[in-house]
Amino acid sequence: MPGGGGPDLPDLQDLPGRAGRAGRAGAGGGVLLGPPLHVAGPEGPWEEVRDQLAGRGHVLVHTTWGQWLASALLDPGLRDLLGRDWPRYRQTAAPAGRLRFAASRMVLKHTAAAALHLPADALDLAYRPGGRPHLRGLAGTEVSLAHTDELIVVAVSRTGPIGVDAEPLTRRPSFDLLHSYVCTPAEAAGLAALPEDDRTARLLHLWTLKEAYTKALGHGMRRRFAAFGFSRDEQGRTVLADEPAGAPRWTLATHLVHDRYLVSAAHRPLLPVETASRPAPHPLEETGLPPAATLGWPLPGSSGAQPT
């Protein structure tokens, strides 16, 4: 196996410089997850975001909260934009945390609004049990959000569940502390055979993949990561191990962003991608689903990044 890991470990070989493969079919016929697009503020650029959603059925966007800081501070319509998140924003005591929270929700809403041809303040962001965000009234549209340090990453899908996670490369999770929670026995054995630095990097990579996958399922931290594993197919792509035959296949990808963050995404395409034209403005369909509190669990020894 390239990279020296065991047979059940995802490899790091596809992190940088692989954007050209993003539009090709993945394992099981799914469209591979392309690299996150950089959007520096509410003004965009949004053209490529719309094109990717129309052409692939999903899109990933990354930015930093500092790039959206001025908008969060100066937007007179911030209260309307945040909607049901306004009380949480106001109740966040630390000014930096409050602004990060506002910026992350602004990025999510502006990304979804641009992709779906809707006004950002018309979107109603709520949370399902476990903290998974969703857009009320937009059946068939899935969203996911991750933020760590200064980075914000948003995923939007109109073709099936999607999840995203991000961690800084400087984070050093403890193999001894976490392997029984994060790894299957085969994954733990493969990691144990690696030199310490490689083992730490591979564990961090595995963590982000499993976090993205469980967020796409809506399980978040409620599902024990050691209960499922990843392997590599004949093309060397990371796949979910022991997927049922005939079921829609998960596509998984990890990208290096700003040369210092791992961003992993998981997507299961349930609907075909229609590439003939961009989607029409999405009709609002009220679901009546109640909001729920956002939950998060910081990586032990970390700076407390929220996985939601």
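The model is a predicted one, so please read every value below as computed from it. H8 covers residues 196-217, and 17 of its 22 residues are buried. One of its residues, Tyr213, pairs with Phe230 of strand S8.

**Helix H8 itself**

- From its first C-alpha to its last, H8 reaches 31 Å, which is close to the 32 Å expected at 1.5 Å a residue.
- The helix is mostly covered, with 17 of 22 residues buried.

**Packing against helix H7**

- Two packed helices are described by the angle between their axes and the distance between the axes.
- Helix H7 spans residues 185-192 and packs with H8 at an angle of about 155°, with the axes 9 Å apart.
- Because angles over 145 degrees count as roughly antiparallel, H7 and H8 are roughly antiparallel to each other.
- On the H7 side, the contact is made by Glu187, Leu191 and Ala192.
- On the H8 side, Arg199, Arg202, Leu203, Leu206 and Lys210 make the contact.

**Aromatic pairs**

- The count of aromatic pairs comes to eight.
- Among them, Tyr213 and Phe230 are edge-to-face, at 6.2 Å centre to centre and with 80° between the planes.
- This pair links distant parts of the chain: Tyr213 lies in H8 and Phe230 in strand S8 (residues 230-232), 17 residues apart.
- Both Tyr213 and Phe230 are buried.
- Phe230 also pairs with Phe228, again edge-to-face, at 5.9 Å centre to centre and with 80° between the planes.
- Phe228 counts as buried because its relative accessibility is 7%, and buried means under 20%.
- Phe230 has a relative accessible area of 1%, so Phe230 is buried by that cut-off too.
- One aromatic cluster is formed by Tyr181, Trp207, Tyr213, Phe225, Phe228, Phe230 and Trp250.

**Charges over rings**

- The charged end of Lys210 sits over the ring of Phe228, 5.0 Å from the ring centre. Lys210 is also one of the H8 residues in contact with H7, while Phe228 belongs to the aromatic cluster.
- Arg199 places its charged end over the ring of Phe175, 5.5 Å from the centre of that ring. Arg199, too, takes part in the H7 and H8 contact.

How values were computed
Residues are numbered from 1 along each chain as its sequence is written. This is a predicted model: local features need pLDDT of at least 70, side-chain atom pairs count only at pLDDT 80 or more; totals for chains, interfaces and linings use all residues. Side-chain values use heavy atoms; hydrogens and water are left out. Rings of Phe, Tyr and Trp (its six-membered ring) pair if their centres lie within 6.5 Å; planes under 30 degrees apart count as stacked, over 60 as edge-to-face and the rest as tilted. Helices (H or I, at least four residues) and strands (E, at least two) are DSSP runs, numbered from the N terminus. Buried means under 20% relative accessible area, exposed over 50%, partly exposed in between (1.4 Å probe, protein chains only). A charge sits over a ring if NZ of Lys or CZ of Arg is within 6 Å of the ring centre and within 35 degrees of the ring normal. The expected span of a helix is 1.5 Å times one less than its number of residues. Axes are lines fitted to C-alpha atoms, for helices over the stretch in contact, and angles run from 0 to 180 degrees between N-to-C directions. Angles under 35 degrees count as roughly parallel, over 145 as roughly antiparallel, 65 to 115 as roughly perpendicular and the rest as oblique. Contact means heavy atoms within 4.5 Å.
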